[in-house]
Amino acid sequence: MNLTKILASTVVLTVAGYGIYLLRNGDQVDYSTEVKPILNKRCISCHGGVKKQGGFSVLFKEEALAVTESGKPSIIPGDPDHSEFITRLTSKDPEERMPYKEEAMPQEEIEILRKWVKQGANWGEHWAFSQPQRPDVPGKSMFASVFNWFSSSAWEKNDIDYFVSDRLEKESINHANQAEKATLLRRVCLDLTGLPPTSQQLNEFLADNSANAYEKMVDKLLASPRYGERWAGMWLDLARFSDTKGYEKDEKRNIWKYRDYVIEAFNKDLPYNQFIKEQLAGDLLPNPTDEQLIATAFHRNTMNNDEGGTDDEEFRNAALVDRVNTTWEVLQGTTFACVQCHSHPYDPIRHEEYYQYMAFFNNTRDEDVPDDSPFLRQFKPEEKAQYEQLKNWIKTNVSAESAHKFGDLVRFLEPKVHPHWGDQFINGSLADNKYLGIRNGGSVRFKELPLQNKTQLLIAYGNKTGSATTLEVHRGAVNGPIVTTIRLDTTQKGGWTNSWDYKIVPLPAGLPAKEDWFLTFKNPKVKPDQSTCIVGYFIFMEDFPGKGKAGYAENQARFISLLRAEPENTTPILLENPTEYYRKTHLWERGNWTAKTTEVHPAIPAIFGKLPDNAPKNRLSLATWMGSNQNPLTARVAVNRFWEQLFGTGLVETQEDFGTQGFTPSYPELMDYLSVKFMDDFDWQPKKLLKYIVMSATYQQDSRVTPDLREKDPMNRLLARGPRVRLSAEQVRDQALLVSGLLSDKLFGPSVMPYQPEGLWANPYSGLSWKISNYEDQHRRALYTFWRRTSPYPSMITFDGASREVCLARRIRTNTPLQALVTMNDPVYVECAINLAKKMEVSGNQIDTKIEDGYRLALSKEISPDKKAILLKLYQTALANYRKSPNDANKLLNVCPDDRIKPHDSPQLAAMTMVASTILNLDEFITKE
């Protein structure tokens, strides 16, 4: 027998065996794809996490097979004829038939459920909750190669394309050809850097005919600092980043260094699992850097309510809930928020598991206080040098542990005891629910203060009464033994601000671990209705270490000086509570934070297993698990998000919901293939993943759609063509600035305030105002625009930006007349049109040439004769009108009568501005093709 016959026999036997396998197993009902959707659609609203009518639930296996209120189970595996679950579906009695008071279930669905019960009612696992496995690449296996030996095409550039071509072949759809070179360049530039190509980039790329010209350009774009800005923009929606705190006052928050961290993390290609670890638990890493601490501002982007009379604990809990929900939506693509009030109605996550997960976040130091503490204090150079000297002295003369402890006290001013800890007020109150405001002779109790080993008390206060106040600290009762007496002199700071003066006083030795203190305030010179002073917070400290060592007095003074220092910058961060400040976590009945019931302890939902037994139950262990290969969701959700940014729609369209109510992947095997590759081959590095995707033939396809393809796949879910989507709000603005020559390339720094109409900010009780930035800050990338939650930058919102009060997993693109009004009339876009017109004016002598150059500069391609004719006619009409009304031209160009630097020909420039504005308003300009 020759080799050909052996090969043919092998193929025949393999095909026959595979056919027998299909005959035997093809009738097996799949729970996840066939049964679960029916249960969710028809049954679970009455028999699930919220309701369990008749004691029957189909959410969890043990509940579905358990005995119901009838005294017997509703589902008997293997016996559909005696399973009430099935018989109720076909009952003729309307009071008995299910779904109750709804249309009868279609017969084909009943048959699926009957067959499922007959086959044993096997409970499958939802695809997203199982570990991704690397599938075989279609068309590359030995078996497939036999059949494709002679028919395989050269279209595929990497494994992504094999998945796509396999699916397209099954659907009898042809893939598109590769996009034109200039179009592809503009697409990949916009995708990787958020900006279109410059003229230099375009010319270099078109002139490079080498086989790897495209790859070289991709590598340059990935190495560009603009890359980090583009992908940080995506992340800031998820992180609900804002320059303000939200709620009524919506005051300024100094958190822009978090944005810098995100930009830098993307630019240096920080592995994604490390990226999320630093944001969830950077403060718990060994010897965290300032950048790793600033990373934790991810969860300090929660809103803070400074409104008078609000309860700090209520809004601390609101922030806590937001952190839990955001973590799951951003990193796990799961509607975990549902579980706050009850077990999940569609996914196997129980009510108590929400609070077990919340327990990981419940022990951070923040407490919804006006100063946004805890924060990282970053000092001016001279103070930073003093700080390093202090730490080195303590480390040398005492211990590294002590240097770390007192260094952190200087950096964070934590842990604080805030005024809202107080109760049993006499002749005083929690003024505006924020600060201690006790009148002469009044008192307040602080219950169970953590005092073990504490020998110093720091008081942050303000006294503008003109006379000193005496503060007496009593033990156990208002008239109990005096612990200490403190004189609070008058100050320039304090009052209704977050800027305080400090008093540091010694405490007696031998204080108990915890004790009730009663504070009385005396100042007979104040009016009866006047507070004796305002107290911001207390800090209990240990003795400064190293007594008796050379340099002790000098470094103790240095320590106190640094405590009092005004830092150069402060950024809100997460800090874990010390043991003595530990909070217990309880389940909230029906999600009500005031109705606490059973105490719970940190754990992840059971469907995902559990953390290692030897791992501490804290945020760092949680963050490590979230970014591990044992988590079935993190890589999938990340890959899907990157894919959506490139193609306009994710492989799973519902980025925020990978659960049973979300959409199934358009390419399930490709989803898992890329997820495993992202973890194992790319080591979680986004640049490697993005390069792999943009190097695929799938990504490089022409985006034009044929009538046949529009009918078969209007949303391009099968990927038979390249992506064509409208640019984001930020990209629309940045592109206009770039092609007009106005865009600043300045990186990092505080947020800026470009032009905005007067009167948009009218928040009550807030002195915050929009102060237009100067010089190049006017023209920085939209990423750096000051973002106020109650009044975001108008053009961003018009183009579907988020208010960022909560995280936004994906922006839904809209198409409204307001968008055209923005790009035609917003002063920013008018300015861009004027500057583009000026560039067009100097590009040549002929109007035709000027229009060609302007179009090419904006669109990175040559203009068609038809379009050029239309723009030429527009120019001629506008020029004739402006010749008749030169004042209109000057008004458009903002030229003053006494301006010494005027255009050579205002009507001509104004007419060209109309052409430039039209180019900037073309659909193809605000669209990625």
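Colleague: How are helix 11 and helix 12 oriented to each other?
Modeller: In this predicted model, helix 11 (residues 225-238) packs against helix 12 (residues 256-267) at about 125 degrees, with the axes 7 Å apart. Axes are lines fitted to C-alpha atoms, for helices over the stretch in contact, and angles run from 0 to 180 degrees between N-to-C directions. Angles under 35 degrees count as roughly parallel, over 145 as roughly antiparallel, 65 to 115 as roughly perpendicular and the rest as oblique. Helix 11 and helix 12 are therefore oblique.

Colleague: What kind of model is this?
Modeller: Residues are numbered from 1 along each chain as its sequence is written, and side-chain values use heavy atoms, with hydrogens and water left out. Local features need pLDDT of at least 70, side-chain atom pairs count only at pLDDT 80 or more, and totals for chains, interfaces and linings use all residues, this being a predicted model.

Colleague: How many nonpolar residues are in the contact of helix 11 with helix 12?
Modeller: Contact means heavy atoms within 4.5 Å, and the residues of helix 11 that meet helix 12 include Tyr227, Trp231 and Trp235, with Tyr258, Val262 and Phe266 among those on the helix 12 side. Ala, Val, Leu, Ile, Met, Phe, Trp, Tyr, Cys and Pro count as nonpolar, Asp, Glu, Lys and Arg as charged, and the others, Gly among them, as polar. The contact of helix 11 with helix 12 has two charged and two polar residues, and the nonpolar ones number eleven.

Colleague: How many helices and strands does the chain have?
Modeller: Helices (H or I, at least four residues) and strands (E, at least two) are DSSP runs, numbered from the N terminus. By that count the chain has 32 helices and 14 strands.

Colleague: What share of the chain's residues is buried?
Modeller: Buried means under 20% relative accessible area, exposed over 50%, and partly exposed in between, with a 1.4 Å probe and protein chains only. In helix 23 (residues 686-694), seven of the nine residues are buried, among them Leu689, Leu690 and Ile693. Of the 929 residues in the chain, the buried share is 54%.

Colleague: Which geometry does the ring pair of Tyr435 and Trp500 have?
Modeller: Rings of Phe, Tyr and Trp (its six-membered ring) pair if their centres lie within 6.5 Å; planes under 30 degrees apart count as stacked, over 60 as edge-to-face and the rest as tilted. The whole structure holds 50 aromatic pairs. With centres 5.2 Å apart and planes at 70 degrees, the pair of Tyr435 and Trp500 is edge-to-face.

Colleague: How far apart in sequence are the parts that this pair ties together?
Modeller: Tyr435 is buried at 5% relative accessibility, and Trp500 is buried at 4%. Tyr435 lies in strand 3 (residues 435-450), and Trp500 in the loop between strand 6 (482-488) and strand 7 (501-506), so the separation of the parts is 65 residues.

Colleague: What is the relative accessible area of Arg619?
Modeller: Arg619 is in helix 20 (residues 619-626). Leaving aside neighbours within four places in sequence, Arg619 is in contact with residues including Leu280, Asp283, Phe360, Phe361 and Glu576. Phe360 and Phe361 also belong to a cluster linked by ring pairs, with Trp588 and Trp625 among its other members. Arg619 counts as buried because its relative accessible area is 0%.
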